[in-house]
Amino acid sequence: VNADDARTTLFEALREVAPEVDPTTIDPSGDLRDELDLDSMDLLNVVSRLEERLGIAIPERDTPGMRTVDETVAYLVRRTSGAPA
Amino acid sequence: VTVVLRACRPPPRVASEDLQVLSTDERRRAASIRHPAARTRFVTGRALLRRLVARVQGTLAADIRLAAEPWGRPWLPDHPGLAISCSGTRGLVVAGVATAVSGLGVDVERTDRWPLPPDERWCSARELAWLDHCPDEDTKRVSAIVLWTGKEATAKARGVGLRSPLRSLEVDPGGVPVRLLGTRQARTGHVIAVAVAPPDVAATVAWHAAGAAGHKAPITVTTLG
């Protein structure tokens, strides 16, 4: 997927996990925990939804590198282009 | 091990007496947190942790030097023999301090949330079997939250965070009981897990379920290495 599609997919997952917030208003370089008041279970829930939507497996060791919208979008673009986990 | 709990004020109120004991860096960090609830929880949690350490060390809360490891675990550069940990969720923060251990982890979760669906991503085969034996869906839901909380506390105590596979941080609900590590009655609807890592054991976890359907407090367990 390209960056726009990755961002759209991420926002869909974030809206499902935290329906009370609008992910388009957050700082893309801010920590998702602080921007959306997500905890670690929420974040793993987001990761799980990204896996389902994009058909990729995201190992837990990669999740510390997905703290922000920008980091997550870059990761998803890289992984869906065939780069190894 | 001493664990203290404190209810969070409804955001966006941040208590000025809490802000006063924070360091300049912590106040800067708090100001950068945009979500009001997350900001309130950070300030309340850090102030609680500082006051707890101050009580144990006989110093002033504002004078304590707190540092953070790369993935966020707080530690005390001036008191290397003291292990600390804190956690927060909606409405409640928890802080702990321990001596004579190599690591301490505390974690708190609300029981009214939907947990991550229990599967092999974060549960071992034995844990999944245990959850499958829950008598009803609500008990299973709360039990999954209890498991998660125990794993988070264990990961913190071991100093691995959630970088290590959650499946390997197996929590055995039917395991050998250990003494409950000092907790007080929490607000109804929270589960609190406290894990310590003695030098020769991976981690031992105990948890305290307050008002959780299907769980009578205290529940004690051990984890496997």
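**Exercise 1.** How much area do chain A and chain B bury between them, and what share of it is on carbon and sulfur atoms?

*Solution.* Before starting, note that this is a predicted model, where local features need pLDDT of at least 70, side-chain atom pairs count only at pLDDT 80 or more, and totals for chains, interfaces and linings use all residues. Residues are numbered from 1 along each chain as its sequence is written, chains are lettered from A in the order in which they are written, and side-chain values use heavy atoms, leaving out hydrogens and water.

Step 1: Buried area is the accessible area (1.4 Å probe) that two parts lose on being put together, summed over both. Here the two chains bury about 1800 Å², with 45% of it on carbon and sulfur atoms.

Step 2: On chain A, the trio A:D34, A:M41 and A:E60 supplies 39% of the area buried against chain B, more than any other three residues.

**Exercise 2.** Count the residues that each chain brings to the contact.

*Solution.* Contact means heavy atoms within 4.5 Å. With that rule, 21 residues come from chain A and 21 residues from chain B.

**Exercise 3.** Decide whether A:D37 is buried or exposed.

*Solution.* Buried means under 20% relative accessible area, exposed over 50%, and partly exposed in between (1.4 Å probe, protein chains only). A:D37 has 18% relative accessibility, so A:D37 counts as buried.
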